[in-house]
Amino acid sequence: MISVPELPRGLVAFVKKDCPTCLVIEPVLQRLAREGGVTIYCQDDPEFPAGLPVEADLQLDTSYREQIEIVPTLLRVGEGGVEQRLEGWHAGEWRELTGIKDLGEGLPDWRPGCGSLSVDPNREPELRARHGASGLQARRIEFAEAEDEFEAMMSRGISDGLPVVPPTESRVLAMLAGTSRNPQEVVAQVPPDLAPCTVEKVAINAVMAGCLPEYLPVVLAAVEAVCTDAFNMHGVLATTMPVGPVFVVNGEIARRIGMNAGKNVFGQGNRANLTIGRAVQLVVRNVGGGRPGEIDRATFGQPGKLSFCFAELEEDSPFGTLAESFGVPAGRDAVTAFCGEAPRSIVDQLARDPDSLVASYAACIRAMHHPKLVMGFDAMLAIGPEHGRVFREAGWDRARLLGALEQALVVPGVELMRGAGGMAEGFPIPAEKAAGMALPKLRPGGLHLVYCGGGAGLFAAVIGGWLSGPAGSVPVVKEICP
Amino acid sequence: MSEQRTILDPTNEKVPTQRRRAPALTTLSGQTIGLLDISKPRGNIFLDRLQEQLEAEGAQVRRYSKPTFAKPAPVDLRHEIAVQCEAVVEALAD
């Protein structure tokens, strides 16, 4: 925390050159300096006002300490500190405070001031941090002068393997401006350590991930979603299967923060998509203690465990949104967490009717994890605009498509029994019963539709799930609060 | 302390309690051994065989099972095992 010299006694003015009112009253300040004496602190130019001695407050420490919100501000400072305070230019008030009856004669009677630079949202967090007024509770970690801060964070084990942004106090304060929630509010108990996680801790990890403050409400809701018993983050980490949280963001917020729902929707290049999922994974790693090779026992893992987060093409969707399918009212901002593996492309460039596409989807979904394993895993089906058009033009909605897929995904027992097709894997169905039975690939309600992707390409994609239902992981949707 | 050279700790800042391990059993005879089936396929086959061998050594065996292998054992089950057994074998299978 820095120390700032006390204000001198007498008249003190705070101004900035980039303020029309301050320019208007320049002659007033010059007269005060001549006649009674005034100490002038200028926030942006040590040469303003012209020809006068000026205390350059370019670092804004004095302005911040004196809680200057408007320039010009005129103070009368006595033995006990500030006795009187005027903001903006009001001729009558300035005359009364200074005792100079014709001060500012010829000038307009009144002009509002401008915002002080010390309350500029881009400057204020750094000032709060420098003045020890952040209120942040996290332990401070200091790096040696000779340490490279990026290497230092890597070596402390708090990164996911990519460089992270140093979470300085001012950056974390700026991040916290993205939410109205109290920094010390506990958001969730984060698995596997079930550690209480505050808004502040989420903000620290969001800074590290590279988030902008406006992403923070999405990150907070996503953290809440994965830290539920239903989502079962502990199991998602501990499994040997290649799965991690997949986040689908719905509502106006997705467009407002610039999320990608279109071209290359699962790929690189969009900051919000890549950093929101990453922030959640950093919370799980750093707050929850869920580290690869330790609690995370994945055999292969998948690249989406760095971040797998996207939005839907809501305006054009023939299917409504994923959040709506889970009961969230239309128009609300929400994030859904689904436990999934990497996306697998479905190419069908010849189908021009829904039934043909349904048959293609079913054939591809059936292969998820293994063609002979059924009812164990949910799936997310991502449909792109060119396939979506086929359903829209035929008048199909979500319910009709899901119903058709449910029928198409019933698999004959003879294809599922162990040994069938020359594969030991399969269901323990006795041969005499296999002929008369059939099983669905997915449990009821186990297929989740999303509509996204670029405008060119007759493609869809399937994202395989993990152990489904209450014994494993079920998708969790959380509304996003500002 | 330079602001740029100082970061906020992103971890939970927990200091885990260090506890001594229970001493290893010197004999199985007369001991109560818990066998926890985590509910993976064929875990029971493995545990049946283990139970035979433990009982042949004079141990008394109690069997337990987790509701699902995909979630941690419920706290009540963990407590039950802790108060009823001298040792526990947690069995994975597939």
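**View 1. Burial and overall extent of chain B in the predicted model.** Buried residues account for 16% of the 94 residues of chain B in this predicted model. The chain contains two helices and four strands, and these follow one another along the sequence in the pattern β-β-α-β-α-β. Its radius of gyration is 20 Å, well over the 12 Å that the globule rule gives for 94 residues, so chain B is more spread out than a compact globule. The C-alpha trace of chain B spans about 70 × 30 × 20 Å along its principal axes. Among the contacts in chain B with a separation of 6 or more, 80% come from residues 24 or more positions apart.

View 2. Three strands of chain B make an open sheet in the order E3-E2-E4, and the pairing is parallel. Strand E3 (60-65) and strand E4 (87-91) of chain B stand at the edges with a single partner strand each, so one side of each is left without a neighbour in the sheet. On average, and with direction ignored, neighbouring strands of this sheet are turned by 20° against each other. Five bridges connect strand E2 (residues 32-37) of chain B with E4(B) in the parallel sense, and within this pair Ile33(B) stands opposite Ala87(B) of E4(B). Helix H2 (residues 75-84) of chain B packs on the sheet, where it touches E2, E3 and E4 of chain B, and its direction makes about 160° with that of E2(B). Helix H1 (residues 43-56) of chain B also lies across E2, E3 and E4 of chain B, and runs at about 170° to E2(B).

**View 3. The contact between chains A and B, with a strand pair that joins them.** In the contact between the chains, 17 residues of chain B meet 32 residues of chain A. On the side of chain B that touches chain A, the residues divide into six nonpolar, five polar and six charged. Strand pairing also links the two chains, for strand E10 (residues 140-142) of chain A is joined by three bridges to strand E1 (residues 6-8) of chain B, and these strands run antiparallel. Within this pair, Glu142(A) has Thr6(B) of E1(B) as its bridge partner.

View 4. Five strands of chain A form an open sheet in the order E3-E2-E1-E5-E6, with mixed pairing. Its edge strands are strand E3 (55-56) and strand E6 (81-87) of chain A, each of which pairs on one side only. Strand E1 (residues 10-15) of chain A runs parallel to strand E2 (residues 38-42) of chain A and is joined to that strand by five bridges; here Val15(A) has Cys42(A) of E2(A) as its bridge partner. Helix H4 (residues 91-98) of chain A packs on the sheet and touches E1, strand E5 (73-78) and E6 of chain A, its direction making about 155° with that of E6(A). Helix H2 (residues 26-35) of chain A lies across E1 and E2 of chain A, and runs at about 140° to E2(A).

**View 5. The packing of helices H8 and H9 of chain A.** Helix H8 (residues 199-209) and helix H9 (residues 216-226) of chain A pack at an angle of about 115°, and their axes are 10 Å apart. The crossing in which H8(A) passes H9(A) is right-handed. On the side of H8(A) the contact is made by Val199(A), Val202(A), Ala203(A) and Ala206(A), while H9(A) contributes Leu216(A), Val219(A), Leu220(A) and Val223(A). Sorted by class, this contact has eight nonpolar residues, no polar and no charged ones.

**View 6. Strand E15 of chain A and its antiparallel partners.** Of the 14 residues of strand E15 (residues 334-347) of chain A, 10 are buried, so the strand is largely enclosed by the rest of the structure. Strand E13 (residues 244-250) of chain A pairs with E15(A) in the antiparallel sense over seven bridges, and Gly244(A) has Gly340(A) of E15(A) as its bridge partner. Six bridges join E15(A) to strand E20 (residues 459-467) of chain A, again with the strands running antiparallel, and in E20(A) the bridge partner of Pro343(A) is Ile463(A). With strand E21 (residues 476-479) of chain A, E15(A) pairs in the antiparallel sense over four bridges, where Ala337(A) stands opposite Val476(A) of E21(A).

How values were computed
Residues numbered from 1 in each chain as written. Chains lettered and ligands numbered in written order. Predicted model: local features only at pLDDT ≥ 70, side-chain atom pairs only at ≥ 80, totals over all residues. Pairing = 2+ DSSP bridges. Contact = placed C-beta atoms within 7 Å. Axes fitted to C-alpha atoms, helices over the stretch in contact; angles between N-to-C directions. Nonpolar A, V, L, I, M, F, W, Y, C, P; charged D, E, K, R; others polar. Rg over C-alpha atoms; globule rule 2.2 N^0.38 Å. Buried ≥ 20, exposed ≤ 12 C-beta atoms within 10 Å, placed from the backbone. Left-handed = near helix turned anticlockwise from the far one by under 90°.
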